Amino acid sequence: MTETRRVALVTGASRGIGRCAAVALARRGFDVAITARTVHEGDGRAHSSSALVRDEPLPIAGSLDAAAAEIEALGRTCLAVPMDLMDRSSVEQAAAVTLATLGRVDVLVNNAIYQGPGTMDRILDLPLELAERCLVGDYLHPLLLTQLVLPGMLERGQGRLVNMLSEAAFTTPPAPAGAGGWGVAYAAAKAAFHRVTDMCHVEFAARGVWSFSIAPGLTLTESMRASGTDKVLVAAGHVPAPPEVAGEVAAWLGDDPGAGRYAGQMVSSRPLCKELKLVAGWPPPRPG
């Protein structure tokens with residue numbers, strides 16, 4: 001990145017990993033555009049991950065307003081852009097507003113995902129239209145956003161694509177969804193998007209654009225806590241990490257010159273965070 005201003009675009013940045021990644025990039029000197037559906041604090045809602053559950057959405061902390069305030073407190077410019085990942089025109093508008101206002105995108109962090117019914121359902125419980133929503137939110141529209149910012153990166157001969165994926169994309173679950181495993185719709189959509197990282201590396205690495213996938217493992221985000229998904233997975237033996245772990249790794253991949261050795265790969269954020277000592281006090285010392 002040879003010019004003075006560097007710009008990152010982080011989706012799903014009102015809370016969780018996205019917010020942590022956006023703040024970490026700001027600490028590294030980036031101006032940041034952030035997107036999410038929740039603009040104001042108190043407006044966020046967490047939805048059930050199963051089509052079998054008809055509970056009312058629960059309030060959830062986090063907003064673009066709060067994330068932007070954190071970034072601006074670091075002395076960086078923050079552009080908060082409302083975006084609905086499931087609305088194609090909204091995705092296109094978010095890219096257009098970012099490029100028109102900030103002039104460029106040097107780092108794209110594709111963090112936003114479809115959150116709602118179907119993501120954690122078993123095969124015979126999964127309505128096909130919900131499987132389709134997972135593909136739209138977790139594969140097609142992140143691919144679209146990548147297509148919209150790539151031309152500028154290629155024109156400048158440098159840029160980075162950081163895709164938040166999941167170990168569910170390439171790991172067989174230890175049990176069915178709801179009993180310690182995960183749903184096929186979420187896993188399949190994430191597996192599809194991992195191929196985007198591979199293909200971007202093959203097509204664009206020689207032209208200066210590095211592509212990465214991150215596998216964060218079980219992360220205790222506000223959404224998981226509100227929906228109760230974390231309790232099921234922790235009870236099944238999965239070890240959680242705070243969202244800062246994957247967020248700091250995303251920022252390191254988007255900024256550090258040494259990240260090139262991971263280009264085109266799926267990076268597990270936990271061991272890399274530990275190796276680089278990116279989050280103070282993590283991992284916590286083992287008892288005894």
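Residues are numbered from 1 along each chain as its sequence is written. In this predicted model, local features need pLDDT of at least 70 and side-chain atom pairs count only at pLDDT 80 or more, while totals for chains, interfaces and linings use all residues, and side-chain values use heavy atoms, with hydrogens and water left out.

Side chains of opposite charge can pair when their charged atoms come close. The whole structure holds 10 salt bridges (a side-chain nitrogen of Lys or Arg within 4 Å of a carboxyl oxygen of Asp or Glu). One of them joins Asp255 and Arg6, with an N to O distance of 2.6 Å. This pair links distant parts of the chain, 249 residues apart: Asp255 is in helix H8 (residues 243-255), and Arg6 is in the segment before strand S1 (7-10). Helices (H or I, at least four residues) and strands (E, at least two) are DSSP runs, numbered from the N terminus. Asp255 is buried at 18% relative accessible area, and Arg6 is buried at 14%; buried means under 20%, exposed over 50%, and partly exposed in between (1.4 Å probe, protein chains only).

A salt bridge also forms between Arg27 and Glu248, whose closest N and O atoms are 3.1 Å apart. Here too distant parts of the chain are linked, with Arg27 in helix H1 (residues 16-27) and Glu248 in helix H8, 221 residues apart. Arg27 counts as exposed because its relative accessibility is 53%, whereas Glu248 is buried, with a value of 14%.

The side chains of Arg76 and Asp31 meet in a further salt bridge (3.2 Å, N to O). Arg76 lies in the loop between helix H2 (64-73) and strand S5 (78-82), and Asp31 lies in strand S2 (residues 31-36), 45 residues apart. Arg76 is partly exposed at 26% relative accessible area, and Asp31 is buried at 5%. Salt bridges with shared partners join Arg5, Asp31 and Arg76 into one network.

One cavity of 30 Å³ or more was found in the whole structure. A cavity is a set of points, on a 1 Å grid over the protein atoms alone, where a 1.4 Å probe fits but cannot get out; lining residues have an atom within 4 Å of a point. The largest cavity has a volume of about 30 Å³ (the space filled by probe spheres set on the points, which are joined across faces, edges and corners). Its lining consists of Thr11, Met83, Leu85, Asn110, Ala112, His141, Pro142 and Leu145. Helix H4 (residues 128-156) gives the most to this lining, with three residues.

Val184 belongs to helix H5 (residues 184-204) and is partly exposed, at 37% relative accessibility.

Most residues other than glycine have a negative phi, and most peptide bonds are trans. Lys277, in the segment after H9, has a positive phi near 55° and is exposed at 69% relative accessibility. The peptide bond from Trp282 to Pro283 is cis, with omega near 0°. Pro283 is placed in the segment after helix H9 (269-276).

Methods:
On a 1 Å grid over the protein atoms alone, a cavity is a set of points where a 1.4 Å probe fits but cannot get out, and a pocket is an open set with protein on both sides within 12 Å along at least five of seven lines; lining residues have an atom within 4 Å of a point.
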